[in-house]
Amino acid sequence: MIVPMKKIFLIVQGKDASSALTQLRDLGTVHVEHQKLPEGQKISVLKDEVAKLKILVEYLKKLPLQPQQELEAAQEKADTLTRLLHKLNQLKDETVKRQALIN
């Protein structure tokens, strides 16, 4: 049975906010929501990285794994894929810069 959640407001000093939220999360009794969602370029970059890692994990799940040699081969493939994704991002950034210069 699913019980609807109740909302609480927690007021703490700024210096204690992080530790208080961590402790509440560890208890598992409170679902923390941001009143104002974090924004910024770093957040979007991290979201992109998470999306890429999810793709990588799905790819790796499909690989048939055998003993140690196969595991090492899968790790090499993951490393190669990660390098290629990084290179792709660099090329995209370079394309944007060059397009700006052309304009």
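Is Lys52 buried or exposed? I looked this up first. Lys52 is buried, with a relative accessible area of 18%. I call a residue buried under 20% relative accessible area, exposed over 50% and partly exposed in between, using a 1.4 Å probe and protein chains only.

**Ground rules**

I am working on a predicted model, where local features need pLDDT of at least 70, side-chain atom pairs count only at pLDDT 80 or more, and totals for chains, interfaces and linings use all residues. I number residues from 1 along each chain as its sequence is written, and side-chain values use heavy atoms, with hydrogens and water left out.

**Entry: Lys52**

I placed Lys52 in helix α2. Helices (H or I, at least four residues) and strands (E, at least two) are DSSP runs, numbered from the N terminus. I then looked for partners of Lys52. The side chains of Lys52 and Asn89 are joined by a polar contact of 2.8 Å. A polar contact is a pair of N or O atoms within 3.5 Å; within protein, one must be able to donate a hydrogen and the other to accept it, and residues adjacent in sequence count only if both atoms are side-chain atoms. I also listed contacts, meaning heavy atoms within 4.5 Å. With neighbours within four places in sequence set aside, Lys52 touches Leu85 and Asn89.

**Entry: salt bridges**

How many salt bridges does a search of the whole structure find? I got three. My criterion is a side-chain nitrogen of Lys or Arg within 4 Å of a carboxyl oxygen of Asp or Glu.

Lys52 turns up here again. Lys52 pairs with Glu49, with 3.7 Å between the closest N and O atoms. Both residues sit in helix α2, three residues apart, about one turn of the helix. Lys52 is buried at 18%, whereas Glu49 is partly exposed at 36%.

Next I checked Glu94 and Arg98. Their closest N and O atoms are 2.9 Å apart in a salt bridge. Because Glu94 and Arg98 are four residues apart in helix α3, about one helical turn separates them. Glu94 is partly exposed, at 35% relative accessible area. Arg98 is exposed, at 51%.

I also noted Lys15 and Asp16. Their side chains form a salt bridge of 3.5 Å, N to O. Lys15 is exposed at 66%, and Asp16 is partly exposed at 31%.

**Entry: second largest pocket**

I turned to the pockets. On a 1 Å grid over the protein atoms alone, a cavity is a set of points where a 1.4 Å probe fits but cannot get out, and a pocket is an open set with protein on both sides within 12 Å along at least five of seven lines; lining residues have an atom within 4 Å of a point. Grid points are joined across faces, edges and corners, and a volume is the space filled by probe spheres set on the points.

The second largest pocket has about 210 Å³. Its lining includes Lys52, Glu49, Asn89 and Lys92. Which helices each supply at least two residues of this lining? I found α2 (41-62) and α3 (68-102). Helix α2 gives the largest share, six residues. By class, I count one nonpolar, five polar and five charged residues. Ala, Val, Leu, Ile, Met, Phe, Trp, Tyr, Cys and Pro are nonpolar, Asp, Glu, Lys and Arg are charged, and the others, Gly among them, are polar.

**Entry: largest pocket**

The largest pocket holds about 760 Å³ of space. I found 19 residues in its lining, with Ile8, Phe9, Leu10, Val32 and Glu33 nearest the centre. The lining splits into 12 nonpolar, four polar and three charged residues.

**Entry: two long spans**

How far apart are the C-alpha atoms of Ile55 and Leu10? I read 37 Å, for residues 45 apart along the chain. Ile55 is in helix α2 and is exposed, at 58%.

Lys92 lies in helix α3 and is partly exposed, at 49% relative accessibility.
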